Number of protein chains: 2
Amino acid sequence: MKIGILGYGNLGRGVECAIKENPDTELVAVFTRRDPAKVKIQTPNVPVVHVDDAKNWVGKIDVMILCGGSATDLPTQTPEYAKMFNVVDSFDTHAKIPEHFANVDAAAKSSGHVAVISVGWDPGLFSLARAYANAILPDGKDYTFWGKGVSQGHSDAIRRVKGVKNAKQYTVPIDSALDAVRSGKNPELTTRQKHLRECYVVLEEGADAAEVENAIKTMPNYFADYDTVVNFISEEELLTKHAGLAHGGFVIRSGKTGMDKENSHIIEFNLKLDSNPEFTTSVLVAYARAAYRLNKEGNNGCKTVFDIAPAYLSAQDGAELRAHML
Amino acid sequence: MKIGILGYGNLGRGVECAIKENPDTELVAVFTRRDPAKVKIQTPNVPVVHVDDAKNWVGKIDVMILCGGSATDLPTQTPEYAKMFNVVDSFDTHAKIPEHFANVDAAAKSSGHVAVISVGWDPGLFSLARAYANAILPDGKDYTFWGKGVSQGHSDAIRRVKGVKNAKQYTVPIDSALDAVRSGKNPELTTRQKHLRECYVVLEEGADAAEVENAIKTMPNYFADYDTVVNFISEEELLTKHAGLAHGGFVIRSGKTGMDKENSHIIEFNLKLDSNPEFTTSVLVAYARAAYRLNKEGNNGCKTVFDIAPAYLSAQDGAELRAHML
């Protein structure tokens with residue numbers, strides 16, 4: 001399976017690592033908007049190509065993995081590239097998924113390609129956990145917790161506060177809330193009860209720490225509804241101790257069965273990840289395998305994780321899966 | 001969707017409960033090998049029918065849910081009923097799944113029906129957890145823990161010991177092993193390190209407790225490789241305190257990514273169930289929906305959970321799933 005990577009940031013580098021783990025996949029080219037001469041990749045003898053030349057690779061790539069961002073890249077890139085290739089993206093703006101699906105579906109159907117969108121862990125594996133658990137326990141309640149991990153959006157919001165030079169924000173699930181959910185009591189949890197926001201902030205010279213802390217803690221949407229801890233640290237400490245890309249989270253469904261709803265059940269799926277981008281791209285590569293196989297069977301159009309049978313993700317065939325995984 | 005139940009034990013009663021939770025399903029008949037007049041079911045105005053009359057229900061049932069046992073019932077029942085109906089079973093003899101698959105596939109293909117086998121939580125949801133996690137993290141290690149819950153096979157083995165009147169055996173996952181796995185260190189765990197065996201035993205009058213305890217603890221395959229705790233109790237206590245059907249377990253995959261395998265990831269799926277049969281049958285009913293839809297689309301043959309896209313299990317359509325679950 002010949003894979004192309006579009007965009008060589010954290011996700012592009014993650015795909016490159018994941019391809020090494022999957023012997024049935026091969027990296028054939030990395031596409032970039034930058035000057036290709038200035039992009040050094042880690043895989044020997046693989047060309048770096050300018051995006052403008054992607055059209056010359058039609059027929060030479062089985063699946064193009066799109067490693068752009070959801071805000072501005074993917075809404076245009078995914079439909080555009082689905083006209084030329086089977087594609088997989090990690091579009092994660094939940095509210096805009098229906099619109100993105102429609103655009104990508106039209107492009108992929110017109111060209112006869114398979115395009116899998118919103119792949120990763122949330123959306124992605126967490127979506128699967130929600131869908132399976134809801135189908136099995138119709139009478140129940142869903143809980144999703146994120147972390148501990150850095151939230152890029154919240155870190156950016158802190159950096160926009162006057163007097164802040166740099167910052168990282170960790171979303172931390174609160175143990176007592178997790179325990180309450182796992183007890184099967186279906187608690188109603190407020191935003192504040194579910195997650196703590198832990199901030200590491202580097203001040204500009206002469207900035208007033210108390211003012212900055214107050215500005216962060218009272219910021220609507222981002223922090224006002226949470227218990228927020230603000231730690232002021234040096235830039236050196238921020239860069240050395242808070243450069244990690246760890247993340248994770250929990251999807252729990254608690255539901256009832258029985259003629260008198262007398263029995264409770266808890267279905268939990270959780271992830272603990274050292275590297276958010278490397279794990280996300282491991283999922284992307286598995287779904288690239290699915291996109292390739294589905295297209296070879298004559299399928300086309302936009303798909304999500306809900307539309308793809310698990311066997312398509314595996315390098316093992318049906319008989320092997322039944323003998324060893326079932 | 002018109003559902004038939006074959007066999008009215010714990011599983012059959014569980015299916016009956018699950019149908020109540022799923023408004024798109026309707027129980028149309030319960031089939032039994034017993035005298036139908038002596039089988040009282042909980043759903044009003046639904047007939048109990050002798051299995052010999054099942055052939056008269058062809059065309060009146062969309063999916064027959066087979067609630068027999070894996071040892072002697074399902075190996076013959078599933079192929080036989082797949083000739084007449086779409087069927088779902090919970091065949092759980094792991095080693096015989098390939099043979100069962102082949103027999104059922106031949107029957108279902110010849111009659112144009114869909115037959116989903118080995119549905120439940122293990123095999124079933126645990127199989128899904130293993131397959132997804134293996135496809136995503138090819139370089140890793142799988143761990144499955146069961147319990148805390150009653151093992152029917154181990155309870156039966158104790159009951160065969162001379163001097164034992166009655167017994168229940170709980171399989172208990174050992175916390176320190178779970179913690180070691182979750183640490184990402186990919187420990188090699190012995191049988192003894194993973195599970196404890198907790199036995200509640202009622203002695204025959206005059207039996208020698210020490211002899212019975214020794215016979216249990218040294219029993220090959222069942223107990224000799226485990227730390228086993230034997231508690232002697234009265235029959236009354238056994239029947240009142242150990243009649244529950246709770247169960248559960250954990251599937252964990254720990255894997256590495258990165259150019260130098262420098263990052264660890266943990267994928268965990270776990271279940272905590274008040275009623276093993278009611279949860280199992282909740283899964284069966286979701287896959288009955290899938291069998292019905294797949295057959296309506298023209299599919300036939302034997303399927304497992306690996307072959308079925310998650311969307312087929314859900315009462316929601318694709319657009320709803322994308323808007324609310326993705």
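Me: What makes us say that the charged end of Lys194(A) sits over the ring of Phe145(A)?
Reply: The charged end is 5.1 Å from the ring centre. The rule asks for NZ of Lys or CZ of Arg within 6 Å of the ring centre and within 35 degrees of the ring normal, so a charge counts as over a ring when it passes both tests. Arg197(A) is another case: it lies over the face of Tyr226(A), at 4.1 Å from the ring centre.

A note before going on: this is a predicted model, where local features need pLDDT of at least 70 and side-chain atom pairs count only at pLDDT 80 or more, while totals for chains, interfaces and linings use all residues. Residues are numbered from 1 along each chain as its sequence is written, chains are lettered from A and ligands numbered from 1 in the order in which they are written, and side-chain values use heavy atoms, leaving out hydrogens and water.

Me: How many aromatic pairs does the structure hold over all chains?
Reply: Nine. Rings of Phe, Tyr and Trp (its six-membered ring) pair if their centres lie within 6.5 Å; planes under 30 degrees apart are stacked, over 60 edge-to-face, and the rest tilted.

Me: Why is the pair of Phe126(A) and Phe269(A) called edge-to-face?
Reply: Their ring centres are 6.0 Å apart and their planes stand at 85°, so edge-to-face it is. Phe126(A) is in helix α4 (residues 125-136) of chain A and Phe269(A) in strand β13 (residues 263-273) of chain A, so the pair ties together parts 143 residues apart in sequence. Helices (H or I, at least four residues) and strands (E, at least two) are DSSP runs, numbered from the N terminus.

Me: Are Phe126(A) and Phe269(A) buried or exposed?
Reply: Both are buried. Buried means under 20% relative accessible area, exposed over 50%, and partly exposed in between (1.4 Å probe, protein chains only).

Me: What makes Phe31(B) and Trp57(B) an edge-to-face pair?
Reply: Their ring centres are 5.8 Å apart and the planes meet at 90°, so the pair is edge-to-face. Phe31(B) and Trp57(B) are both buried.

Me: Why is Asn221(B) called exposed?
Reply: Its relative accessible area is 68%, so Asn221(B) counts as exposed. Asn221(B) also has a positive phi of about 65° although it is not a glycine.

Me: At what angle do α4(A) and helix α4 of chain B pack?
Reply: About 170°, with their axes 13 Å apart. That makes α4(A) roughly antiparallel to α4(B). Axes are lines fitted to C-alpha atoms, for helices over the stretch in contact, and angles run from 0 to 180 degrees between N-to-C directions. Under 35 degrees is roughly parallel, over 145 roughly antiparallel, 65 to 115 roughly perpendicular and the rest oblique.

Me: What rotation superposes chain A on chain B?
Reply: One of 180° with 0.0 Å of shift along its axis, giving an RMSD of 0.0 Å. The two copies are thus related as by a two-fold rotation axis. The superposition is by least squares on the C-alpha atoms of residues with pLDDT of at least 70 in both copies.
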